[in-house]
Amino acid sequence: MSNEQPLLLIISSPSGAGKTTLTQRLLERIDNTRFSVSHTTRKPRDGEQDGREYHFVGKETFEHLAKQGEFLEWAHVHGNLYGTSRMEIERAGDARGLIFDVDHQGARQIKAKVPDAVAIFILPPSMTILEQRLRGRASENEATFRVRFDAARNEIAHYGLFDYVLVNDELDEATENLTSIFRA
Ligand code: ADP
Ligand code: 5GP
């Protein structure tokens with residue numbers, strides 16, 4: 001058992017910029033690093049599994065957990081509730097790193113409670129490419145696309161809160177840069 005705290009890495013981006021893709025690639029490259037599985041009231045997308053991408057819960061359950069103080073942070077995002085359970089940090093045990101995929105509201109709350117956490121913001125190379133990526137993702141219909149694309153500018157406006165900003169243009173290069181930040 002190691003007594004060292006895991007490195008807490010917060011990864012945020014406007015929806016569609018590639019944070020899920022980059023996080024998965026980082027997890028494949030770094031041993032003993034875990035992904036913090038959030039709770040959400042949004043419905044699972046095709047291929048998503050309860051307990052893997054998210055803990056999918058109803059609004060009542062979520063609100064109950066929030067009232068009990070079970071969340072390290074939580075926020076309204078795109079019309080749904082999302083939160084990080086405190087249990088995720090305990091579950092990380094003696095892992096080397098723990099990665100949080102949260103929006104800017106979540107990043108702010110985690111940084112306030114754990115100042116050593118490192119926050120990285122992923123940007124798309126352009127809004128046109130963000131639109132292409134978001135539309136290209138099979139899970140998006142026109143309504144969910146619109147909500148996410150319209151929210152992107154607001155999300156991007158908060159980049160100043162982050163320790164690093166990374167442009168996800170060429171995937172291998174962005175993965176390399178993200179891995180370097182983690183190792184540093
Ligand atoms: P997010 O988790 O930020 O919402 P995703 O990781 O789901 O974004 O990526 C959105 C879409 O863009 C996916 O279809 C993904 O395969 C694609 N994508 C991600 N990064 C790149 C990249 N560097 N170049 C081209 N396509 C990418
Ligand atoms: P999606 O529904 O596309 O998986 O995620 C939508 C947004 O919710 C993304 O910006 C993602 O970072 C954010 N998000 C996911 N989990 C959490 C969480 O636990 N807390 C907060 N604050 N945001 C989250």
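**Close-up views of the two ligand sites**

A polar side-chain atom of R148 sits 2.7 Å from an oxygen atom of ligand 2. The protein buries 96% of the 510 Å² that ligand 2 exposes when taken alone. The model behind these views is predicted.

**View 1. Polar contacts of ligand 2 with side chains.** Three side chains are picked out here: R148, R45 and E73. R148 places a polar side-chain atom 2.7 Å from a ligand oxygen. R45 also faces an oxygen atom of ligand 2, with a side-chain N or O atom at 2.8 Å. E73 meets a nitrogen atom of ligand 2 instead, through a polar side-chain atom at 2.8 Å.

**View 2. The shell around ligand 2.** The shell holds 17 residues. S38, R42, Y54, Y82 and D101 are the closest. Two strands each supply at least two shell residues: strand 5, spanning 71-77, and strand 6, spanning 80-85. Ligand 2 takes up the space of the largest pocket.

**View 3. Polar contacts of ligand 1.** A polar backbone atom of G16 is 2.7 Å from an oxygen atom of ligand 1. G18 brings a backbone N or O atom to 3.0 Å from a ligand 1 oxygen. T21 uses its side chain: a polar atom there lies 2.6 Å from an oxygen atom of ligand 1. Taken alone, ligand 1 exposes 570 Å², and 75% of that is buried by the protein.

**View 4. The shell around ligand 1.** Ligand 1 is surrounded by 14 residues. Among the closest are G16 and T21, together with T20, R137 and N168. Helix 1, residues 19-29, gives the largest share of the shell, with 3 residues. The space taken by ligand 1 is the largest pocket.

**View 5. The two sites side by side.** Ligand 1 has a shell of 14 residues, and ligand 2 has one of 17. The protein buries 75% of the area that ligand 1 exposes alone; for ligand 2 the figure is 96%. Helix 1 contributes to the shell of ligand 1, while strands 5 and 6 contribute to that of ligand 2.

Definitions and conventions: Residues are numbered from 1 along each chain as its sequence is written. Chains are lettered from A and ligands numbered from 1 in the order in which they are written. This is a predicted model: local features need pLDDT of at least 70, side-chain atom pairs count only at pLDDT 80 or more; totals for chains, interfaces and linings use all residues. Side-chain values use heavy atoms; hydrogens and water are left out. A residue is near a molecule or strand if one of its heavy atoms lies within 4 Å of it. A polar contact is a pair of N or O atoms within 3.5 Å; within protein, one must be able to donate a hydrogen and the other to accept it, and residues adjacent in sequence count only if both atoms are side-chain atoms. Accessible areas come from the Shrake-Rupley method with a 1.4 Å probe; for residues, only the protein chains shown count as cover. On a 1 Å grid over the protein atoms alone, a cavity is a set of points where a 1.4 Å probe fits but cannot get out, and a pocket is an open set with protein on both sides within 12 Å along at least five of seven lines; lining residues have an atom within 4 Å of a point. A molecule sits in a cavity or pocket if more than half of its atoms lie within 2 Å of its grid points. Helices (H or I, at least four residues) and strands (E, at least two) are DSSP runs, numbered from the N terminus.
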